[in-house]
Amino acid sequence: MFENLSGRLKEALGNITGKGRLTEANIKDTLRQVRLALLEADVALPVAKAFIERVRERAVGEQVAASLTPGQALIKIIHGELIALLGGDAVELDLKARPPVVILLAGLQGAGKTTTAAKLARRLQEKNKKRVMLVSVDVHRPAAILQLEKLAAEIGALHCASSADEEPVRIVERALAEVRQSHADVLIVDTAGRLHVDEDMMDEVVAVHGAARPHETLFVVDAMAGQDAVNAAREFDERLPLTGMVLTKADGDAKGGVALSVREVTGKPIRYLGVGEKTEALEVFHPDRMASRILGMGDVLSLVEEIEGKVDRDKADKLARKLRKGRSFDLADLRDQLEQMLSMGGLAAMLDKLPLPGGVNASALKSDAGEKQIRRQIGIINSMTPGERRHPKTINGSRKRRIAEGAGLPVQDVNRLLKQHLTMEKMMKKMSRGGMKKLLRGLPPGGVPPGLG
Amino acid sequence: MCRCRWILALPDDRKQSGQSPRAGFLSRLRAKLNAKAGWLGQDLRDFVPGGRIDEDTLEELEARLVMADVGVSATSRIIAALEKRLVRRELGDVDALRAGLRQTLLDILEPVERPLVPDSSQGPFVVLMVGVNGAGKTTTIGKLARRFLSEGRTVMLAAGDTFRAAAVEQLQAWGERNRVPVIAQQPGADPAAVIFDAYEAARARGIDVLLADTAGRLQNQQGLMDELTKIKRVLARKEPTAPQEIMLVLDAGLGQNALSQAEKFNDALGVTGITVTKLDGSAKGGILLAIADRLAIPVRFIGIGEAAEDMQTFCATEYVDALLDGRTANREGAHS
Ligand SMILES: Nc1nc2c(ncn2[C@@H]2O[C@H](COP(=O)(O)OP(=O)(O)OP(=O)(O)O)[C@@H](O)[C@H]2O)c(=O)[nH]1
Ligand SMILES: Nc1nc2c(ncn2[C@@H]2O[C@H](COP(=O)(O)OP(=O)(O)OP(=O)(O)O)[C@@H](O)[C@H]2O)c(=O)[nH]1
Ligand SMILES: [Mg+2]
Ligand SMILES: [Mg+2]
């Protein structure tokens, strides 16, 4: 399903026509696909609708940067809005309060609270050098307390014993006394799973929260959760309130759209990602990675990023300065450009990522533009002398034969490379600045420069 | 307009959980399914001003289905079927629309309403519980044990989750509650060996039903999926028909990933039955429609609570009616 959507999305992107500006008309299709992608990723419908509205408002009338196609520009806006919604930068736990710092975990049944309690404890012990005590107030589920006790022993954390016939609030009071006595820095309180519609159980967790007076109250939510998770998150936030969230089971193949939903309704940051069952499987939450995952279009995005960012800025700037001074684009410059192509996985890899216009035979292009070709061309340039690279016009017949022999290729290949260089030199002259990205956009539509083949 | 606000601005009305435990199943399920956000039925009138039904109505209905986790593609198929009726002018008013929707949903779910009837004539009937982490496998075993005991069968449990902390003790607690034997080994033991031993023990003791727990696993973890096929293989070597039931446990709160779970567990093992848990929340488990539509795996039970008796045999009409007609008195006009 999702492969399809991501494919449809690429197609819709390729279909955005009209250069220069994003308009209501040229983004309509893509936004529809994005909306479907969000819903298939389990973003709650009202959240998806509101999100698309925001993107539309931001996009319409937007001037497209010269380096991007309108489709790429739209994806950048969508991606940016997603990241903004997901919370910008990662927010770590607030541990600066006077010890003992109390952290309370709450959420639906089976979300991963107990496991997360142990993971957090381990992280705080190892990364923050804190002494951590764990306590369970789950007097409902069979062997829930024992589960936490075993995990505490495994990671070498302190454990405050409790039993199923105790009142949860009493357990908390006891644990607070114990944690002070043992001079531990942090107390993590694991609660029983509960449904947000279960009034008695919600009252119970409110009472536990009241007694524990936690500095951090984290809502633990399953990355595979569906549309209803917003209702649960809202209810927990209203009753407790929450200070953050942990998204568990993110090691699965769910798109995790629930992250967007719960973040939108609570406004609280997602702190961590659970990525496995073991106690070390906890990661800081990265909004940008999540954004790509939800949309399922990492490919398209990474291309935008690569074109914009990964191109070697220094070399590009140097080349631009050189060209501005009226000096010509020589064969050493061409070699730099080719090497950059290689570092981006070659044209073939780029073609995979580009939304190609219909009718273009991608596989035919690929065979011509492969990495091997680029490496050969670099080989040819490498067997030239520095002087020849700087002054290609000096390369006569005998020099060509010598170069071809050095590179182990027929002379025709050398000729083709020189012709290609000539074409590019002309192209470069037209541009006052910019490196690879301008060069790429200067390629004849649907093809590669002569000589690359 | 307020379409978007419908769910975001949902008013609070959780005052209805105090249902009598003696209330009939249907009303109980209805109350539970509608405990918070009313679903389709009770809202139909709200978005059909003047009772006329048109494309907008269907679009709104589409939104409601998506919000119940039915998923985009299953929803489009359901709406397409309804549209055909609309074009034929069969759906003149709200009641006709409701009847049309009810029938469309029943057409999908009735074929998968196939209760589990253990046959112990070839030795112990083995139920192998599988599913992702935290779905409710172990708890469902406790409920199944209660159910089968009440039917006069003898039951044994096998502690096949040798990985998660205190998973064995959790199952043993259910064994004690139901007073049935639990076969377990030390943590880290080979689950296939544990379950095989349990099978031998069950056979020796003439047990009717063996309920085998397994550790939760995500369907994209190939190594862990292989572990399950190994259990199946080892059992089949002893008794070719075992395990007779491979039961996939799905959490009603899951979104679209549940479909991928059903597909991948089915590909690996050949799932013979599904139990949907946690339907006592406000999640509707709509992905069940997509799974039934796509895979047609029988749905056996639904879980509606954490206690041993909080499980019911799946019944398509009751499920659909609970979704469609579950208007509870105090929901009337609760939002606008
Ligand atoms: N794959 C994976 N499994 C996880 C993750 N976090 C928790 N689990 C598993 O999910 C299941 C439930 O985890 P628990 O920690 O027991 O969940 P809980 O919220 O405490 O459950 P209750 O107390 O019963 O409500 C267990 O099998 C865990 O091993 C995760 O990030 N990835
Ligand atoms: N409300 C409600 N909770 C349920 C239901 N079924 C199970 N649970 C709860 O869900 C949580 C997880 O249940 P388990 O039976 O431990 O799930 P599991 O699939 O065995 O989990 P792992 O073995 O860790 O993968 C527990 O807190 C159960 O009490 C149900 O039908 N309704
Ligand atoms: Mg727990
Ligand atoms: Mg279990």
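A residue is near a molecule if its C-beta atom, placed from the backbone, lies within 6 Å of it. On that basis, 27 residues surround ligand 2. The closest are A:Gln109, B:Gly136, B:Thr139, B:Gly216 and B:Gly303.

This is a predicted model, in which local features need pLDDT of at least 70, side-chain atom pairs count only at pLDDT 80 or more, and totals for chains, interfaces and linings use all residues. Residues are numbered from 1 along each chain as its sequence is written, while chains are lettered from A and ligands numbered from 1 in the order in which they are written.

**The two ligand sites**

Residues from chains A and B surround ligand 2, so this site is shared between chains. Ligand 1 has 26 residues around it; the closest are A:Gly112, A:Thr115, A:Gly193, A:Gly274 and B:Asn133. Its site is also shared, because the surrounding residues come from chains A and B.

Helices and strands here are DSSP runs, numbered from the N terminus (helices: H or I, at least four residues; strands: E, at least two). Around ligand 2, helix α7 (residues 137–150) of chain B gives the largest share of the shell, 3 residues. Around ligand 1, the largest share, 3 residues, comes from helix α5 (residues 113–127) of chain A.

The table below sorts each shell by class. Ala, Val, Leu, Ile, Met, Phe, Trp, Tyr, Cys and Pro count as nonpolar; Asp, Glu, Lys and Arg count as charged; the others, Gly among them, count as polar.

**Helix α7 of chain B**

α7(B) has 14 residues. From first C-alpha to last it reaches 20 Å, close to the 20 Å expected at 1.5 Å a residue. The expected span is 1.5 Å times one less than the number of residues.

A residue is buried if 20 or more other C-beta atoms lie within 10 Å of its own, exposed if 12 or fewer, and partly exposed in between; these C-beta atoms too are placed from the backbone. α7(B) is mostly covered, with 12 of its 14 residues buried. Among them are B:Lys137, B:Thr139, B:Lys143, B:Arg146 and B:Phe148. Just after the helix, B:Gly152 takes a positive phi of about 85 degrees.

**Chain B and its face towards chain A**

Chain B holds 13 helices and 8 strands. Of its 336 residues, 52% count as buried. Two residues are in contact if their C-beta atoms, placed from the backbone, lie within 7 Å. Among contacts in chain B with a separation of 6 or more, residues 24 or more positions apart account for 78%.

Between the chains, 44 residues of chain B are in contact with 41 residues of chain A. Five helices of chain B each supply at least two residues of the side that touches chain A: α1 (5–8), α4 (55–67), α5 (72–87), α8 (167–178) and α11 (257–269). The largest share of that side, 4 residues, comes from α8(B). By class, the side of chain B that touches chain A has 22 nonpolar, 14 polar and 8 charged residues.

B:Pro298 sits in the loop between α12 (287–295) and β7 (299–303) of chain B. It counts as partly exposed because it has 18 C-beta neighbours inside 10 Å. Neighbours within four places in sequence aside, B:Pro298 is in contact with B:Val112, B:Arg114, B:Thr272 and B:Gly273.

**Backbone features in chain A**

Two cis peptide bonds deserve a look. One joins A:Pro99 and A:Pro100, with omega about 0 degrees. A:Pro100 lies in the loop between α4 (70–86) and β1 (101–106) of chain A. Another joins A:Leu240 and A:Pro241, with omega about -20 degrees. A:Pro241 is found in the loop between α9 (229–239) and β6 (244–248) of chain A.

A:Asp42 has a positive phi of about 75 degrees although it is not a glycine. A:Asp42 is in the loop between α2 (24–40) and α3 (45–59) of chain A. With 29 C-beta neighbours inside 10 Å, A:Asp42 counts as buried. A:Lys249, also not a glycine, has a positive phi of about 60 degrees. Its loop runs between β6 and α10 (258–266) of chain A. A:Lys249 counts as buried, with 28 C-beta neighbours inside 10 Å.

**Confidence**

pLDDT is the predictor's confidence in each residue, from 0 to 100. Chain A has a mean pLDDT of 81, and 75% of its residues reach 70 or more. Over residues 1–5 of chain A the pLDDT is below 50; this stretch has 10 contacts in the model beyond near neighbours in sequence. Over residues 346–368 of chain A the pLDDT is also below 50, with 40 such contacts in the model beyond near neighbours in sequence. Where pLDDT is low, the predicted coordinates should not be read in detail.
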